[in-house]
Amino acid sequence: MNINLVSLLIGLVLIGGLIAYLATAVKRISHRSIPPTITPENWPITSGGAPLEPEIETRIDGLMAAMTLEEMVGQTIQADISHVTPEDIRHYRLGAILNGGNSAPGDNVRAATEDWLPLADAFYEASMDTSNGDQAIPILWGTDAVHGHNNIISATIFPHNIGLGATRNPALMEQIGAITAREVIVTGMDWTFAPTLAVAQDSRWGRTYESYSENPDLVAQYAKAIVTGLQGELGTDTFLSRQHILATAKHFIGDGGTQGGKDQGNNIDSEIKLRDRHGAGYPPAIEAGVQTVMASFSAWHGQRLHGHQPLLTDVLKDRMGFNGFVIGDWNGHAQLPGCSTTSCPAAFNAGIDMFMAPDSWRQLHKNTVAQVQSGDIARSRLEDAVRRILRVKFRLGLFEKPKPSERPLAGDYSLLAHPNHRAVARRAVRETLVLLKNQDNLLPLAANQTLLVTGDGANDIGQQSGGWTLSWQGTGNTNAQFPNGTSIWAGIRHAVETSGGQAILSTDGSYSQIPDAAIVVFGEGPYAEFRGDIDTLNCLPNTPLQQLQELRAAGIPTVAVLLSGRPLWVTPEINAAGAFVAAWLPGSEGAGVADVLIRQPNGDINADFKGKLPFSWPRTATQTRVDQGKNNYEPLFPYGYGLTYADSGNLPQLPEISGLDGTENTQNEALFALGQPMAPWSLQASVGNESSVVIDERIQLENALTIRSIDRAAQEDAQQFTWSGQGSASVAITGPAQDYMVPLHYDMALEIQYRIDTVPEGQVKLVIGYGDDAKSDLDITRPLVGCPPGKWLQTHIALNRLAATGADLSQLTILALETAAPFSLSISDIRLVAKD
């Protein structure tokens with residue numbers, strides 16, 4: 001073989017290797033950049049739920065033939081009652097309205113119970129007005145009745161789903177659904193955005209408590225039961241009868257499996273896991289006849305579900321046969337590439353039948369009409385969506401029903417927290433409780449003794465109810481706003497005092513006489529959605545642990561009752577307590593806790609523990625995701641664990657290994673984020689001598705200052721502050737004294753994300769409070785006047801500028817904006833950053 005031939009062969013080998021390498025590299029790159037495909041044939045087929053009825057389809061044909069394009073588009077839009085009026089409905093013919101978590105009559109989330117029904121009548125009558133030649137199509141009103149009719153004062157508040165998952169009782173779920181439906185009808189509404197069928201896999205997720213379990217089989221069992229309770233039993237006279245409402249299976253699909261447990265995040269599970277784990281609840285919900293499905297905010301392999309045609313249309317509608325309609329989530333369509341709150345043909349074309357467009361519906365209506373006219377949205381797609389929406393309205397009997405106040409059950413306020421309803425809720429509380437430890441059979445406690453009750457959750461119905469209670473976040477509620485509720489303390493006191501014992505409530509754990517035993521009730525404060533996302537499962541303050549340790553050191557037998565929306569790393573607290581109970585978020589019937597913890601007057605057990613863990617309990621604060629059946633499945637307590645009084649409840653001293661390296665406990669650099677102050681800061685506004693801690697709802701102080709939550713990139717992730725000019729007013733981030741000398745030393749700055757809505761007409765001051773009521777201020781008028789209105793901007797205020805005013809940053813207590821001039825400003829984020 002000559003040299004040239006050898007060279008040629010070597011060259012061919014090298015070229016071949018290079019081609020193979022490049023092919024492999026391209027394959028790897030493609031694998032990383034191209035989302036996996038969905039194969040609908042791999043997904044389950046269902047009956048489709050409620051069968052198509054020829055009579056209804058014929059009525060739809062006739063109605064649609066008479067509808068204008070504008071009326072059809074109107075049916076595909078749902079607006080929030082804070083941003084739409086009955087007159088708007090009369091003009092735009094929208095298909096639905098909702099009361100978002102912070103929306104209510106008069107913008108008062110704690111509006112009187114009687115204020116809701118007249119508003120329902122007004123919207124209904126507007127939708128049926130034909131004086132302008134429009135078609136009479138009754139409007140739907142949707143609400144987040146996710147653990148009872150939880151937006152309404154006086155209603156029955158049931159335990160959140162995580163606690164219900166502990167009961168292992170589908171029949172109870174059906175009862176709860178039926179009760180919730182009746183109470184919703186009392187106030188004139190037709191539709192709840194429940195049940196949540198997420199199979200949460202990472203307890204850091206702020207919506208973990210909305211998930212029944214980490215186990216898909218349990219979620220599937222509950223799906224049929226809760227849908228049947230809300231809607232009635234498919235195939236019987238109870239289905240969508242006048243004592244039932246529409247249910248919503250949500251959020252389709254994969255919201256419980258996002259990376260890092262981030263709300264609205266990205267799920268990268270395989271299609272098989274997506275189907276078998278996260279999709280487990282949908283086939284049984286459809287089989288039970290669920291009429292609406294809500295698309296998820298989250299993404300699957302980077303593609304947002306609001307724009308995922310293979311899942312929304314090819315799988316849900318075509319393969320599974322779902323013949324109701326798909327509703328979007330709160331402005332969820334705006335998260336798609338190329339979309340905004342006011343324009344998104346991509347979501348509609350993917351399979352969203354009704355946009356949830358709370359505050360942007362007018363321009364969305366106009367744009368959608370134009371997109372159908374231009375062909376960006378096919379006329380056939382619009383007609384399919386409208387047919388689905390009308391089909392659900394006909395099935396519900398809306399066209400035959402009178403106005404809301406004249407329907408059976410409407411206005412019968414005695415049904416709200418009816419004794420029978422409260423009895424079911426109290427039973428549910430008993431069955432949700434999970435006993436993790438009962439050293440030397442400490443529980444149940446004798447009633448005829450002196451019991452000390454303490455902890456931040458002992459006498460707080462708002463805390464024991466959690467988020468989605470009266471307001472979106474569930475914060476700012478007092479016991480007075482639960483006239484039919486009972487705190488855990490009140491339940492214990494009644495059980496003890498009726499048996500001749502003595503119960504003492506102590507907010508700080510102190511006592512003047514040594515009690516026979518103590519109960520410490522503590523846990524998470526209320527939160528909802530992304531505002532509840534956390535980084536580790538070690539998120540509680542030290543106070544409860546200190547109380548438990550002090551009581552133990554004093555030789556007082558102590559029971560710990562944990563209120564939480566997820567399993568947490570509380571191993572030190574478990575070690576410090578004689579008995580430990582996971583009570584989840586029990587709702588308004590706190591007496592259900594006393595039913596299990598306290599003996600009958602004659603000494604017998606009153607009620608035993610039945611609850612079994614719906615989620616594995618973490619061994620460390622970083623064990624945020626556990627997989628049952630895997631070789632490395634080593635939780636502290638496994639899924640299904642739960643003691644009864646017949647069991648030995650003794651535990652050895654547990655290893656208190658958090659898994660944290662200390663860097664997680666650094667000072668939070670955010671002072672204000674996602675539309676709310678970050679602990680330990682709170683938000684306070686004042687006009688003259690009037691002040692108010694700003695929580696969730698719209699607040700107006702005199703006529704000088706109005707504050708409301710607005711959307712920037714997500715639901716209510718910013719606050720808008722509007723000064724009328726009728727007197728000096730201020731809005732402040734305030735809290736206990738914080739030492740910012742180290743950030744000052746490192747020349748850090750406050751980074752503020754803001755938008756000027758109306759340019760100030762006079763001086764605006766940044767007021768710095770420090771020490772014992774000392775204050776200084778900085779004039780910031782000039783930069784504000786020079787900002788373009790309506791545009792989100794970012795600015796930096798160096799800490800040394802604050803110090804230059806004479807402020808002592810070693811004890812900073814207040815940062816406030818103050819003006820007497822007309823001015824409107826929105827803020828989404830304030831945090832410490834390294835100065836540019």
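Q: How many cavities of 30 Å³ or more does the structure hold?
A: In this predicted model, there are 9 cavities of 30 Å³ or more.

Q: What makes a space in the protein a cavity, and what volume does the largest cavity have?
A: A space is called a cavity because a 1.4 Å probe fits there but cannot get out. The largest cavity has a volume of about 180 Å³. It is lined by 21 residues, and those closest to its centre are A145, V146, H147, N161 and A194.

Q: What lines the second largest pocket?
A: This pocket holds about 440 Å³ of space. Its lining has 24 residues, of which I752, L766, I780, I797 and L817 are the closest to its centre. Elements that each supply at least two lining residues include β25 (729–738), α22 (781–785) and β31 (823–834); β31 gives the most, with 4 residues. The lining divides into 21 nonpolar, 2 polar and 1 charged residues.

Q: Why are C339 and C344 called a disulfide, and what gives the disulfide its hand?
A: The cut-off for a pair of cysteine sulfur atoms is 2.5 Å, and the S to S distance between C339 and C344 is 2.2 Å. By this rule the count comes to 1 disulfide. The torsion about its S-S bond is about 70°, so the disulfide is right-handed. Both C339 and C344 are buried.

Q: How do you know that the buried residues of α17 lie on the same side of the helix?
A: The buried residues of α17 (488–497) are I488, W489, G491, I492, A495 and V496. They cover an arc of only 160° around the axis, and are therefore on the same side of α17. An α-helix has 3.6 residues a turn, so residues three or four places apart point the same way. The buried residues of α17 pack against several elements, among them β13 (450–454), α16 (461–465) and α20 (591–597).

How values were computed: Residues are numbered from 1 along each chain as its sequence is written. This is a predicted model: local features need pLDDT of at least 70, side-chain atom pairs count only at pLDDT 80 or more; totals for chains, interfaces and linings use all residues. Side-chain values use heavy atoms; hydrogens and water are left out. On a 1 Å grid over the protein atoms alone, a cavity is a set of points where a 1.4 Å probe fits but cannot get out, and a pocket is an open set with protein on both sides within 12 Å along at least five of seven lines; lining residues have an atom within 4 Å of a point. Grid points are joined across faces, edges and corners, and a volume is the space filled by probe spheres set on the points. Ala, Val, Leu, Ile, Met, Phe, Trp, Tyr, Cys and Pro count as nonpolar, Asp, Glu, Lys and Arg as charged, and the others, Gly among them, as polar. Buried means under 20% relative accessible area, exposed over 50%, partly exposed in between (1.4 Å probe, protein chains only). The arc is that of the directions from the helix axis to the C-beta atoms. Contact means heavy atoms within 4.5 Å.
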